[in-house]
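Q: I have just opened this one and have never looked at it before. Could you walk me through a few places in it?

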Amino acid sequence: MDEEHSPFLIGTTVSGDSFIDRENHRERLRTNFRSGLNTVLISPRRWGKSSLVRQVALDMAREKDVRFAFVDLFHVRSEQEFLERTTEAVIKALGKTMEDRIADLKKFVRGVVPQIGLGVDPQSEFTLKFNWPDAERNIQDLLDLPERMAKAKKVRLVLCIDEFQNIAHLPDPMGFQKVLRASWQHHKAVCHVIYGSKRHMMMDLFNKQSMPFYRFGDVLFLDKIKRTDWVRFIKARFASRKKAIAPEVCELIAERMQDHSYHVQLLGHVAFLHSGRTCTRAVVEMALDDLLNQHDALYHRLVDDLTTPQLNYLRALLNGVERFTTMDTIRRFELGSSAHVKRMTMALEQKEVLDFVGRKTEWIDPLFKIWLEERYWGSRLRMV
Ligand SMILES: Nc1ncnc2c1ncn2[C@@H]1O[C@H](COP(=O)(O)OP(=O)(O)OP(=O)(O)O)[C@@H](O)[C@H]1O
Ligand SMILES: [Mg+2]
């Protein structure tokens, strides 16, 4: 066992030992996929959507007739790219070797001759490029390709589409969603899992009656991992490298990062690097200090990008205000008017500072919250 190498993983999807259970959600996804139910998965950034879906794919890896194809719409800006990335993912998921894949391309892609680019490892990496007029003419056929291939190969295909809200950035988002939905609803061998982090945008796509994807499937809101699970996880991660950490110190790591998946792993990682045989409270505080230093310039820029009333809103929030539209709060924190408050919440959500989950307000970056409290305002925070 490598005792120096950090047992915490950040910035990649996690699975296996690095993955905390989420057994309820996993079970629900497995059931949905087995019964072909489309699923929409929503959570604020970096709570663990992509990891969850990857883990479920691993859970089901032994099931003979199920395959998973992964598409990330993060960089997709046109319908052509959407079709290229989806086709690539499906061809990859349903063919083992490059020879199989080339044969599948010839057999299943009709009406357009794709250019194939091979990556560093030609056995696993390749990209497709379509000639748009041809692909556009055959769009229906290309959209049906996952269904045709899954049927021909007698498997159930789970088509996983990450960052789905990006569909709103395509040149004709409504038109394309209509075409997609019309095609997908006839699919029997393919089930779709669609996930994304811009809650408002996602909700608009799936919960508005006027939208093509209205009532598309089972909508699931991912919640945060529980404190008790974090404590167990952090302890086990340290133990795997023969280091000790008391439960209350594990709790401190999770608590300081508000149980936010990415940030708990990040603080765990830095605390691990700072600790000798034992990780103490002082080590965690030192690690946090380090992280705040590293992010200082970034957070200063973030603050520069906020208006004074937006900052006042954040200050009110940190002072424990829950009702922002009362006369007293508006006066005390100089929030303008209740109409301003509404606009501010929208702007703060759009700038990815806050997310409003039901009645709860979540900080998208829990480290930024600490930075504002302890470095930006410090003792001035409460002087209002
Ligand atoms: N179940 C889990 N157990 C432990 N750590 C997790 C878990 N899920 C996520 N994480 C941590 O959170 C990080 C972000 O996870 P992931 O990329 O899956 O989130 P996401 O919601 O897809 O993020 P984004 O909104 O940026 O796409 C991971 O790199 C990992 O450190
Ligand atoms: Mg993700």
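Q: Let me start with Asp355: is that residue buried or exposed, and why?
A: Asp355 counts as buried, because its relative accessibility is 3% and the cut-off for buried is under 20%. Please keep in mind that this is a predicted model.

Q: Where does Asp355 sit in the fold?
A: Asp355 is part of strand β10, which covers residues 354-357.

Q: And which side chain does the side chain of Asp355 make a polar contact with?
A: The partner is the side chain of Arg199, with a distance of 3.2 Å for this polar contact.

Q: OK, changing topic to ligand 1. Which residues come nearest to it?
A: There are 22 residues around ligand 1, and those that come nearest are Leu9, Thr12, Lys49, Ser51 and Gln265.

Q: What does Lys49 do there, in terms of atoms and distances?
A: One of the polar side-chain atoms of Lys49 lies 2.7 Å from an oxygen atom of ligand 1. In the case of Gln265, an N or O atom of the side chain is 2.7 Å from a nitrogen atom of the ligand, while Trp47 places a backbone N or O atom 3.3 Å from a ligand oxygen atom.

Q: How much of the ligand's accessible area does the protein cover?
A: On its own, ligand 1 has 630 Å² of accessible area, and the protein covers 94% of that.

Q: Which elements give two or more residues to the shell around ligand 1?
A: Those are α2 (49-59) and α12 (261-274). Looking at domains instead, the shell takes at least three residues from domain 1 (21-221) and at least three from domain 2 (227-301).

Q: How many residues of each class are in that shell?
A: The shell around ligand 1 is made up of nine nonpolar, nine polar and four charged residues.

Notes
Residues are numbered from 1 along each chain as its sequence is written. Chains are lettered from A and ligands numbered from 1 in the order in which they are written. This is a predicted model: local features need pLDDT of at least 70, side-chain atom pairs count only at pLDDT 80 or more; totals for chains, interfaces and linings use all residues. Side-chain values use heavy atoms; hydrogens and water are left out. A residue is near a molecule or strand if one of its heavy atoms lies within 4 Å of it. A polar contact is a pair of N or O atoms within 3.5 Å; within protein, one must be able to donate a hydrogen and the other to accept it, and residues adjacent in sequence count only if both atoms are side-chain atoms. Accessible areas come from the Shrake-Rupley method with a 1.4 Å probe; for residues, only the protein chains shown count as cover. Helices (H or I, at least four residues) and strands (E, at least two) are DSSP runs, numbered from the N terminus. Ala, Val, Leu, Ile, Met, Phe, Trp, Tyr, Cys and Pro count as nonpolar, Asp, Glu, Lys and Arg as charged, and the others, Gly among them, as polar. Domain bounds come from an automatic or database domain assignment. Buried means under 20% relative accessible area, exposed over 50%, partly exposed in between (1.4 Å probe, protein chains only).
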